[in-house]
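Open the model in your viewer and keep the selection panel at hand. Each stop tells you what to select and what is there.

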Amino acid sequence: MLSDNKETSSSSSLINQHNIKFKKPKDETIESSNLFITNIPHQTIQEYITQHSLESLNKYQLYEHWIQSQLNHLKELEKQLEEITLQYIQIHEQKITKKKNKENKKPSLPPVHIYLAFPTIEQANSFKNYLLKQFPNAFISYADLEDTSNKPLNTTKGWNIEDVQQFKDVHIPGLIIIENFITEEEERELLHFFVEEKASYWKNELKRRIQHFGYQFDYNSRSVIIPNDNKNEEEEKNNEEETSFGKVEPIPEMITNNIVPRIKSNLLERLKEEEEDQKEVITEYLEQINNYYVDQLTVNEYECGQGIRPHVETHKSFGDILCSISLKSASVMSFTKTKDNGDIIIQKKDVDLPRRSLVIMIGECRYLWRHSIPCREFDKVNGKLRKRSNRISLTLRTVRRDKDNNNTISLVCNCKYKEVCDSQQERDSAFNLPYSNTLTETSLEKEYVHKTYDLIAEHWDHTRHSPWPRVGEFIKNLPNGTLIGDIGCGNGKYINLNPNCFYVAMDRSEKLCEICDKKGFDVCFADGLNLPYRSNVFDVTLNIAVLHHISSVARRIRILKELVRVTKPNGKILIYAWSLEQELNSKRKFNSQDVLVPWKLQKKYLNNEEEEEDKEEENKKSDSGSGNENVVNKEEIGEEITFKRYCHVYKQGELDELVTKKVKGVTILESYYDYGNWCLLLQKNEIMNK
């Protein structure tokens with residue numbers, strides 16, 4: 001066990017160490033022009049030393065040299081950043097010593113901490129995003145920069161404390177705070193109920209204590225748990241853990257009969273008093289306010305110093321109106337409005353929530369603004385430090401239901417904020433679709449791979465005719481007479497790229513095979529998991545942009561084994577599969593690993609035969625009253641029809657691990673990133689391991 005960590009540091013030529021000090025920010029999600037960087041692979045630095053003959057530099061000069069080289073590379077990629085400059089650099093090295101009882105254990109390499117100061121936030125963000133693309137496992141966050149020659153800021157335990165104004169001076173559309181919403185007597189009754197009567201009901205699911213009423217919320221899936229109400233009494237008696245699977249007590253009547261009606265009446269009263277834009281928000285959700293009720297209550301206990309990270313309440317689980325009541329103590333709540341999936345903060349506003357106050361979030365505030373409570377023991381309000389004490393919050397929510405289906409729980413949100421709505425984004429991703437871990441062909445692949453590619457084949461051929469440069473270079477450098485097996489050849493854009501080689505190709509799309517046949521290529525319609533070739537036949541086997549369309553781990557392993565089987569001993573296998581990590585200028589951005597990627601097809605490429613098939617299928621569905629209940633695979637807008645393709649995009653190292661752990665008889669010659677793909681060059685061993 002390593003301990004006694006001490007930092008040694010050196011200032012570079014860009015910093016005066018006596019007057020400048022970097023430190024952790026109070027909230028690392030708040031963007032600044034200063035960065036903290038660590039976990040840069042040691043091998044990367046060693047290779048850089050060797051490549052540039054920098055052995056004479058000390059460690060601090062070396063890292064400054066390396067940072068400057070990365071900046072120069074970024075400038076080459078983004079011409080508009082030619083003026084990007086560094087103001088300060090600081091390098092810290094953790095000095096690590098061994099505990100006496102662990103003297104035999106070798107210490108790990110000392111981690112290096114790099115602090116950078118840029119003139120603007122935009123430059124810092126550009127460099128941060130660039131480094132994360134190059135080194136996905138690096139840790140990069142924002143930092144604070146303090147000029148120690150000036151009077152130090154008010155801090156508590158190392159964190160800066162910003163002065164917070166009264167809530168009346170803070171304006172966020174859809175944020176309403178009502179002071180003294182409950183009386184002191186009501187507060188005592190609520191505390192007595194939750195703290196004393198329900199003392200055994202506290203759960204320690206998080207770092208803080210919580211209670212759930214009405215419905216239990218699962219913090220891992222970020223969804224309410226729907227209990228199984230079909231169990232008989234005997235089953236319920238035998239299941240001692242039933243409560244942990246969704247069965248929780250109803251919301252107490254003092255909430256439903258007293259507090260909830262007052263929330264509703266207060267919102268309606270605000271139509272007469274609020275500013276015009278707040279009135280617009282309330283008017284927009286007037287139907288929900290008139291029908292307002294609460295069926296899920298979460299009680300949180302925050303000890304002094306505890307907080308909660310920035311978040312938006314999940315759209316799919318809860319309705320348009322969120323409310324929270326503060327008991328025992330006041331607290332400061334931070335609201336941040338972001339863009340680019342939360343990567344960039346547009347606005348930040350801190351609001352004081354007085355004791356016994358009610359905060360209501362509706363509309364823009366509920367859906368677009370993240371709220372959080374900073375982890376600290378003091379708040380600074382109107383210029384005065386205020387120590388926190390134990391605080392209990394009551395969060396009141398409404399579980400989403402389907403009005404057209406007997407008001408059953410739906411967990412479906414159709415809010416207008418589609419770009420940040422987890423429910424609507426899930427409908428465009430594949431993790432809520434049928435999934436199989438068996439070798440049998442899945443309905444997911446049939447509908448969103450095979451059918452899609454047959455429909456878009458002609459358009460695909462018109463747009464996918466240029467080989468990826470590195471794949472093309474690999475093929476062109478193969479020896480004369482090489483027999484190449486192209487497994488998943490698509491429209492045949494790699495066939496005959498090297499006229500001195502021989503090609504045998506196949507694809508799972510019948511329409512793409514027909515296109516290849518018209519071009520005079522030797523192709524066949526086949527399944528990549530059961531190749532119609534004998535073993536040890538190909539000198540080189542290609543599998544380009546195929547593996548990301550395979551929907552289960554077992555099927556991915558099977559196709560990899562088939563690639564190895566048909567390749568000769570000492571033969572090579574080149575695999576490309578889409579990556580989760582994409583370049584800065586890439587149009588592809590993935591929110592999860594299993595996604596449905598749209599393909600916009602011009603109607604002129606959809607032939608009459610396919611249109612008739614679509615009409616026939618629609619007639620069958622209308623006659624039977626049912627059909628495919630998966631996500632709709634086609635959207636028609638104007639002269640374009642959008643089809644969706646299933647893809648599993650791979651994380652860094654995922655392909656390597658799949659091969660090394662599950663596929664015998666091959667060696668990884670090269671693993672690299674190219675054109676938004678993770679790529680492997682394998683060599684089949686001469687003697688197969690059994």
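**Stop 1: confidence**

This is a predicted model, so colour it by pLDDT first. The chain has a mean pLDDT of 79. Of its residues, 76% reach 70 or more. Now select residues 150-159. Here pLDDT stays under 50. The model still gives this stretch 17 contacts beyond four places in sequence. Go on to residues 429-436, where the pLDDT is also below 50. This second stretch has 27 contacts in the model beyond near neighbours in sequence.

**Stop 2: the sheet**

In what order do the seven strands of the open sheet run? Trace S29-S28-S27-S30-S31-S36-S35. The pairing is mixed. Select 523-525 for strand S29 and 666-674 for strand S35. These are the edge strands, and each pairs on one side only. From one strand to the next, the twist averages 15°.

Strand S28, residues 502-507, pairs with S29 in the parallel sense. Three bridges join them. Pick Ala505; its bridge partner in S29 is Val523.

**Stop 3: helices on the sheet**

Select residues 469-476. This is helix H12, which packs on the sheet.

Next take residues 553-565, helix H14. Helix H14 lies across S27, S30, S31, S35 and S36. Its angle to S31 is about 145°.

**Stop 4: a helix pair**

Show helix H11 (residues 443-463) with helix H13 (residues 510-518). They pack at an angle of about 35°. Their axes are 7 Å apart. Which residues make the contact? From H11, show Tyr453, Asp454, Ala457, Glu458, Trp460 and Asp461. From H13, show Glu510, Lys511, Leu512 and Ile515. By class, the contact has five nonpolar and five charged residues, and no polar ones.

**Stop 5: the cavity**

How many cavities of 30 Å³ or more are there? The count is one. The largest cavity has a volume of about 60 Å³. To see its lining, select Tyr302, Glu303, Cys304, Gln306, Ser329, Ala330, Ser331, Ile373, Arg388, Ser389 and Arg391. Colour this lining by class: four residues are nonpolar, four polar and three charged.

Notes. Residues numbered from 1 in each chain as written. Predicted model: local features only at pLDDT ≥ 70, side-chain atom pairs only at ≥ 80, totals over all residues. Heavy atoms only, no water. 1 Å grid on protein atoms, 1.4 Å probe; cavity = no way out; pocket = protein on both sides within 12 Å on 5 of 7 lines; lining within 4 Å. Points joined across faces, edges and corners; volume = space filled by probe spheres on them. Nonpolar A, V, L, I, M, F, W, Y, C, P; charged D, E, K, R; others polar. Pairing = 2+ DSSP bridges. Helix = DSSP H or I, 4+ residues; strand = E, 2+ residues; numbered from the N terminus. Axes fitted to C-alpha atoms, helices over the stretch in contact; angles between N-to-C directions. Contact = heavy atoms within 4.5 Å. pLDDT = per-residue confidence, 0-100.
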